[in-house]
Amino acid sequence: CALPISGFKAGITVNINGSNISPVTVLDQGRITFTSPALSSATYTIYASNTDGATAIYVPGLVYSGLPTWSSPTAGSIGTSYETKSVSTLNYTSFSATGDAPITYSILSGSLPSGVTLSSSGTLSGTLPVTSSPTTYSFTIRATDAQLQDSDRAFSLTINPDLITWVAPTQNGSLTVYETQAFSTPLSATSAAGYGVMYAANTLPTGITLSNNTGAFTGYANTVGVTGVQLTATANTTGRYATSNVNFVVNQDVVTWSSPAN
């Protein structure tokens, strides 16, 4: 702070809110400089006293504006989402504090996930990175007002890997059909991240094919027997996959007399 009051001499002291400020530098008889202490929002009278007792009073004084006040979100987790998803899938992507405009935002400590950025206006953008296991990122955002006053708040977010789960058929289950019978039982698996799923089989009974996109079987099994099949469900975008081992059973067609009785 610099005061434009004349008559300042070496050894002058400054008092603000009952506290003496040190050091005080005399630039010339009309100017002194000092570093003002941290005080709450208000106006404080400044007393500048030379060593001979002459005192200058600066009225109305030094005006302190309030620090930025965080309004949202509250400190802590801003949400959990999945790898490769947009940050918009988190609970919060915008940060807001009030104070002397403009308020700008920056990362003070910690780190955001790779591919995610924070704008100076307080908005997260980007795509969450691939992760092999649930990962939590902790970081502190600083809100800075027009007077370069700061308020900090700590946050975190969690990224989970995509998880593929088979719904049908179950592991080690069986798919049964009679020879020359059309087979229509669909496959079903889900992606935790909500992506579509592609299907594949390492082998199938002769005459049966599998649609990669829908998991629907087509064709007619024409060879009686049991075929061990490994089914694979793969999520679009993430490429995460899960397998299900099943037995594909093709039974022989049986003709039974109903009339006349034997």
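Hi everyone, let's start with F248, which is buried, with a relative accessible area of 1%; buried here means under 20% relative accessible area and exposed over 50%, with partly exposed in between, using a 1.4 Å probe and protein chains only. Before going on, this is a predicted model, where local features need pLDDT of at least 70, side-chain atom pairs count only at pLDDT 80 or more, and totals for chains, interfaces and linings use all residues. Residues are numbered from 1 along each chain as its sequence is written, and side-chain values use heavy atoms, leaving out hydrogens and water.

Now, the rings. Phe, Tyr and Trp rings (for Trp, the six-membered one) pair if their centres lie within 6.5 Å; planes under 30 degrees apart are stacked, over 60 edge-to-face, and the rest tilted. That rule gives 9 aromatic pairs. In one of them, F183 and F248 are tilted, 4.9 Å centre to centre with 50 degrees between the planes. F183 is in the loop between β17 and β18 and F248 in strand β23 (residues 241–251), so this pair ties together parts 65 residues apart in sequence. Strands are DSSP runs (E, at least two residues), numbered from the N terminus. F183 counts as buried too, at 5% relative accessibility.

Which residues do ring pairs link into a cluster? They are W70, F95, Y105, F139 and F155.

Finally, the backbone. Most residues other than glycine have a negative phi, and most peptide bonds are trans. T180 has a positive phi of about 65 degrees, and at 52% relative accessibility T180 counts as exposed. A cis peptide bond joins S22 and P23, and another runs from A168 to P169.

Key: Helices (H or I, at least four residues) and strands (E, at least two) are DSSP runs, numbered from the N terminus.
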